[in-house]
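How do their rings pair up?

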Amino acid sequence: MTKTKLATLAVSGLAAAALFAEPGLAQEAAEAAETAEAAAGAAPSPDVQYIFNTLLFLIGGFLVMFMAAGFCMLEAGLVRSKNVSMQSLKNVALYSIAGLMYWIVGYNLMYTGVDGGYIGSFGPYAFDPVGGDALDTGYSTASDWFFQMAFVAATASIVSGTVAERIKLWPFLIFVAVLTGFMYPITGAWQWGGGWLSEMGFSDFAGSTVVHSVGGWAALAGAIVLGARTGKYGADGSVHPLPGSSIPLATLGMFILWLGWFGFNGASQLAMGTIGDVTDVSRIFANTNLAAASGVVTTIVLLQILYKKIDTTMVLNGALAGLVSITAEPLAPAVWQTIIIGGVGGAIVVFTVPLLDKLKIDDVVGAIPVHLFAGIWGTLIVPFSNGDASYGVQLVGILAYGVFTLVASFVVWFILKAAMGIRASEEEEMRGLDMSETGVEGYPEFTRA
C-alpha cells in the first residue's frame, strides 16, 4: 500500500472517530480527508515534473556513459594481449570525439528543425543559461544532450570491436568523427528527431536500429574493406581461432554493459514526472533484465546441443544480443513475449557467428551478430507486442537505415583507405598494435620475448 493511500485512510479514520467525539471536529476531519484524496489524484506541478524528468536523463546518461567502460573491458578481454593498450586507447578516444562532435554539429542535425524531413540544422547546440528554468521543455536541455550523447558514443564503440587488431588508429578516429557527427545524427533524425520514418509510424523505443544496427552496419562495412586478421582464415577455408587475452575482463565488460542498459532502455521513457511514467520505467527495467537472462540461457542450451561445449564468449554475446533485441520495445511486451524476444537474440548469436566465418568476415568481438542481426530482429518484432506498429513500416525503416549506413560507411572507409591507408602492415599486426600505434604495452610482462 502506498504512503498516499495510508495517509488518506488515516485521515478518514480520524474523521470516523470524531463522529463519536465532537460534531465540529467531525466536519473538519471529513474536509481533511477530501483534501488528501484530491492531492493523491492531482498531477505533479511542472516544477516537480521538470526536476524528475531531468534526473531521469542524468541518471540514465551516466549509466549509458559507463557502458563505454563496458565496451572497453569487453574488447580488451577479447583481443590478444599485444593489442589491449590500443583497444583501450581507441575506446577513450572515441568517447571523447563523440562528445565533441555531437555538440559541434550532431545534436542539432538530429533534433533541430527536422519537421518530418530527413535532416536537421547545422551548428553547435546551446544549453540553458545558468540557473535556467525553462519549464516549457519539461527537462533541462543539457540533461537531454548528455543522455543522447552517450548513445552516439555507444554506436562508435560497436565499430571499434569489430575492426580490432589490424586497423590503424588515425583512420579509425576520423571515421568515428564522421559517424558520430554526421551519419548517426542524420539517420537518428528520421525517427527520434521527428523525421519521415517517425511520420510513417516506425517504432524504435530505445535504439535497436537507430543505435545498434547503425553501429553494426558501419562495423560490417569496415570489416569487409579492412579484411580479416592475418592467420584467421586458411586458404582451404579453415578457421583458426585467435583467443582473447582475458575472459574475466570480457565478462566484467558484459556485466557493465548489462547494468548500463537499464539506463539505456529505462531512461528512454523520457519522463519520470508522474506515477504512470515511473511505473513504466520499472516495467522496462524488468523486461530488459529478463531479455538478457533469456539470451544467456538460450545460448547455453543451444551450444550444449550443437557443440557439446559451452563457449563463454558466445554466452557473453548471448546476453548482449538479448539486450539489443528488447531495446526496440522494452515497455509493451508481456513477460513471456520478452523471454521469446531475448531468447531469439541469443539464438541469433549461436547461428550467425559461424556464418560470418564461412563468409570470411572477421568480427573480433562478435559485434555484428549482437548489434546488427539482433538489432534487426528486435526492430522487426516490435508489432508482436505493440499493436500500434506494423511489420511493413518496420521493414521499411530497417532497410532505410541499412542502405544509408552501409553505403555511407563504404564511401568513408574507401576514401580513408585511398587517402592514408587503414590497415597496419603484416609485420605491425604480428608484433601487435600496442607497440606500433601506442608504444605502450597492455601486458609488458607477457608480451615481451
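What follows is a walk through the aromatic contacts.

This is a predicted model: local features need pLDDT of at least 70, side-chain atom pairs count only at pLDDT 80 or more, and totals for chains, interfaces and linings use all residues. Residues are numbered from 1 along each chain as its sequence is written, and side-chain values use heavy atoms, with hydrogens and water left out.

A pair of aromatic rings is described by the distance of the centres and the angle of the planes. Rings of Phe, Tyr and Trp (its six-membered ring) pair if their centres lie within 6.5 Å; planes under 30 degrees apart are stacked, over 60 edge-to-face, and the rest tilted. The count here is 21 aromatic pairs.

Take Tyr118 and Trp196. Their ring centres are 5.6 Å apart and their planes meet at 35°, so the pair is tilted. Tyr118 lies in the loop between α4 (84–111) and α5 (141–162), and Trp196 in helix α7 (residues 196–200), so the pair ties together parts 78 residues apart in sequence. Helices are DSSP runs (H or I, at least four residues), numbered from the N terminus. Tyr118 is exposed at 53% relative accessibility, while Trp196 is buried at 19%. Buried means under 20% relative accessible area, exposed over 50% (1.4 Å probe, protein chains only).

Now Phe151 and Trp192. Their centres lie 5.9 Å apart with planes at 75°, so this pair is edge-to-face. Phe151 is buried, with a relative accessible area of 1%. Trp192 also counts as buried, at 19%. Phe57, Tyr139, Phe147, Phe151, Trp192, Trp261 and Phe264 form one aromatic cluster.

Conventions. Helix = DSSP H or I, 4+ residues; strand = E, 2+ residues; numbered from the N terminus.
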